[in-house]
4 protein chains.
Amino acid sequence: MSEQDSAAGHLHRLVLFSDAVFAIAITLLAIEIHPPHHWDGISDLFAKMGVKLGAYAISFAVVGIYWISHRRIFQRLRAANGVLDVLNFIVLGLVALLPLGTELLWEQHAGQALPVYVGLVALIGVAIAVLWSYAAFIGDLTHPTPRPEAIYIALRVALLPGMMCALSFISLVYPWGWAVMAGIIAGLHLLNKRIARTAQIKTA
Amino acid sequence: MSEQDSAAGHLHRLVLFSDAVFAIAITLLAIEIHPPHHWDGISDLFAKMGVKLGAYAISFAVVGIYWISHRRIFQRLRAANGVLDVLNFIVLGLVALLPLGTELLWEQHAGQALPVYVGLVALIGVAIAVLWSYAAFIGDLTHPTPRPEAIYIALRVALLPGMMCALSFISLVYPWGWAVMAGIIAGLHLLNKRIARTAQIKTA
Amino acid sequence: MSEQDSAAGHLHRLVLFSDAVFAIAITLLAIEIHPPHHWDGISDLFAKMGVKLGAYAISFAVVGIYWISHRRIFQRLRAANGVLDVLNFIVLGLVALLPLGTELLWEQHAGQALPVYVGLVALIGVAIAVLWSYAAFIGDLTHPTPRPEAIYIALRVALLPGMMCALSFISLVYPWGWAVMAGIIAGLHLLNKRIARTAQIKTA
Amino acid sequence: MSEQDSAAGHLHRLVLFSDAVFAIAITLLAIEIHPPHHWDGISDLFAKMGVKLGAYAISFAVVGIYWISHRRIFQRLRAANGVLDVLNFIVLGLVALLPLGTELLWEQHAGQALPVYVGLVALIGVAIAVLWSYAAFIGDLTHPTPRPEAIYIALRVALLPGMMCALSFISLVYPWGWAVMAGIIAGLHLLNKRIARTAQIKTA
């Protein structure tokens, strides 16, 4: 087996391993939800389980968004090394804490648990951004990527999911939060298009 | 890596990830079943655990049927995109709730839990149908499929599993339910044959 | 995608899915084991946890043996179909019950739980044998296998693990059990060699 | 399928299966951590959960290190056989006990649980070393590896993780432990370089 084959095999096994951890974390989110002891009719059941199901839906969305981020970033890699292993393990170690964070969210639905939860979500984004930055700027593990695009990717994954998660909770209290979120998504859409156009001009 | 390779790799990773979630959900079905504290002889054990084992068998069959549906539908896809990611996550999020639904089923074996459980099962079918409809009619992600066949697939996966699940429970009370189920299966068998024949004529 | 490719892809996805269920079942075996509330020194800890760790070791060996059986049998298949899906789900549904069976084993370490546990183990063997028999004799899903060898494989997987499991427990009480087990293993070793030689003569 | 293909397929399935068990074990580490019933402010939350989160971080690092060891060793293999299956199952069986070991660690944070935990960690290293030694010296399952390098690999995986884990705990009490660890890592780094240089000279 040549060195290059071996590095690609390493990357492949790392991706499969990460997928397994994401899949288990996402499925375990629901395992601590138990039906109430007594309930009378479907509306009573949903009233009693509403907070838990809501927390489950939010965390499911969070894991989903990070799985998509992770997949996109690993699609841009061409090899793996020992440092990437370690950085990826830090990402997975934080993802595996999300079922605990979710439990926190529904046990005290006062404002106290929210910053802890949002902090954990933001930390995962930062950890993925560190992984990407290492791969792009230090470890030389990516397919060729223009430097501004690489910086843009790092910033987006570091800031966006945490900010969106915080804004979602803010929006439940202050409705202008939704407008801010819509604005950010529209702005990013335009920015993505522009970067794609610049890249096309350069390759043309 | 060409764009086409990348889309196929995306699809492949999505399939592996879904399989992992299905596998975990199906195995967790049994994790909340615990042996009774006291039992005397095998017949007493099965009498005390009968309801739980029955609910486990039903849910195992439900996950199995949806895994087969999911596999069949993804076999017809040729690529994936971001929207498919999201639609697939909704399917997986509902599948991951089945262990909770199963627990509901055995804690109150009165009629109250049944509609909730059947509703969850039916919702999974609808979510898979939405995913397929997006892939076939909007996202252009499928291998070439004649339009009537695509519509038939969407309707079948949307309606059949939920209906069958409901009929199974109805049949426990009203025995004519079994006859209806047998009739539906026979009718679908004829319809499948006819569609296969039509497709053969067209390609000939 | 040709029909043959599709059938091989189906088989591949079935194998991966089964592996995931086996892996989860084997890891969940340990999840219900908790440390004792009070213990004093390592010997006290092991004295208090001995039965649980013993039951864990036995079940781990059982899942391991069946994983190896499953791998060997699927190595002989060349395609999958819907019936194989269903038969494989029955195997997995029984494997997923092993954590429950293990719990049964350590909660009542009287003779009552043993026949239930051995029965479950034996049932998994029978389910794998049914799967193999369908694939070899009815569904035509195997690589070419001489009929006597196919029959021998079916009988071995149906009878051997259950018998070995029962003998292991019997041997704890009646030491002659170990001699019987050694004899069976030696006999099978000779038989395997003879079958391999016969096959060589035929192909020569 | 030729015999060689079959042995490579066997190895591939063994790797995927092991990865699944590692992924599940690593994710289950967090599942027994629950938030405290009452807490007041983030600093109180972390004060109450500090021991558990610390134990989680240590065990996550342990599983991560062993996953990397396992990946590296399996990268050097070219085939698998029945004995490798059994030896690998022993490794996985010990890895699956780590969530239990972690629980032990946080329930009694007296010195009593530490030797049990370090013992389990060391045992996993020994089990991987036995697997490697079998593959390299008896089963002839590896890509060509010079004998001294094979011996070095076996010794390193047998001794290093257990020693490092023990030193980490010792360092919490006696700060000179950190210096010893830094010395070992520096020494190994030099040794690795030297072995790589010797190998280059030989192939040149």
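User: Happy to start with the polar side of things: how many residue pairs are in polar contact between chain A and chain D?

Analyst: Good place to begin! This is a predicted model, and the count takes in pairs with both residues at pLDDT 80 or more. Between chain A and chain D, the number of residue pairs in polar contact is 6.

User: Thanks! Which helix of chain A supplies the largest share of the side that touches chain D?

Analyst: Several helices take part: helix 1 (3-28), helix 3 (82-95), helix 4 (98-107) and helix 5 (113-138) of chain A each supply at least two residues of that side. The largest share is 11 residues, and its source is helix 1 of chain A.

User: And by class, how many residues on the side of chain A that touches chain D are nonpolar?

Analyst: On chain A, 29 residues are in contact with 34 residues of chain D. By class, the chain A side has 5 charged and 5 polar residues, and the nonpolar ones number 19.

User: Which residue of chain D meets A:Arg13 in a salt bridge?

Analyst: The rule finds 2 salt bridges across the interface of chain A and chain D. In the one made by A:Arg13, the side chains meet at 2.5 Å, N to O, and the partner is D:Asp19.

User: What area do chain A and chain D bury between them?

Analyst: The size of an interface is often given as the accessible area lost when the parts come together. Carbon and sulfur atoms carry 71% of the area buried between chain A and chain D. A:Arg13, A:Phe17 and A:Phe89 supply 25% of what chain A buries there, more than any other three residues. The total for the two chains is about 2800 Å².

User: Now the symmetry: what kind of axis relates chain A and chain B?

Analyst: A rotation of 90° superposes chain A on chain B, with 0.0 Å of shift along its axis and an RMSD of 0.0 Å. The two copies are thus related as by a four-fold rotation axis.

User: Do the copies A and D meet through different surfaces or the same ones?

Analyst: Chain A also superposes on chain D by a rotation of 90° with 0.0 Å of shift along its axis (RMSD 0.1 Å). Only 14% of the interface residues of chain A are also interface residues in chain D, so the copies meet through surfaces that are different.

User: Last one, on chain B: how many residues of helix 4 are buried?

Analyst: Helix 4 of chain B spans residues 98-107 and is mostly covered. Its buried residues include B:Leu98, B:Pro99, B:Glu103 and B:Trp106.

Conventions:
Residues are numbered from 1 along each chain as its sequence is written. Chains are lettered from A and ligands numbered from 1 in the order in which they are written. This is a predicted model: local features need pLDDT of at least 70, side-chain atom pairs count only at pLDDT 80 or more; totals for chains, interfaces and linings use all residues. Side-chain values use heavy atoms; hydrogens and water are left out. Contact means heavy atoms within 4.5 Å. Buried area is the accessible area (1.4 Å probe) that two parts lose on being put together, summed over both. A salt bridge is a side-chain nitrogen of Lys or Arg within 4 Å of a carboxyl oxygen of Asp or Glu. A polar contact is a pair of N or O atoms within 3.5 Å; within protein, one must be able to donate a hydrogen and the other to accept it, and residues adjacent in sequence count only if both atoms are side-chain atoms. Helices (H or I, at least four residues) and strands (E, at least two) are DSSP runs, numbered from the N terminus. Ala, Val, Leu, Ile, Met, Phe, Trp, Tyr, Cys and Pro count as nonpolar, Asp, Glu, Lys and Arg as charged, and the others, Gly among them, as polar. Copies are superposed by least squares on the C-alpha atoms of residues with pLDDT of at least 70 in both. Buried means under 20% relative accessible area, exposed over 50%, partly exposed in between (1.4 Å probe, protein chains only).
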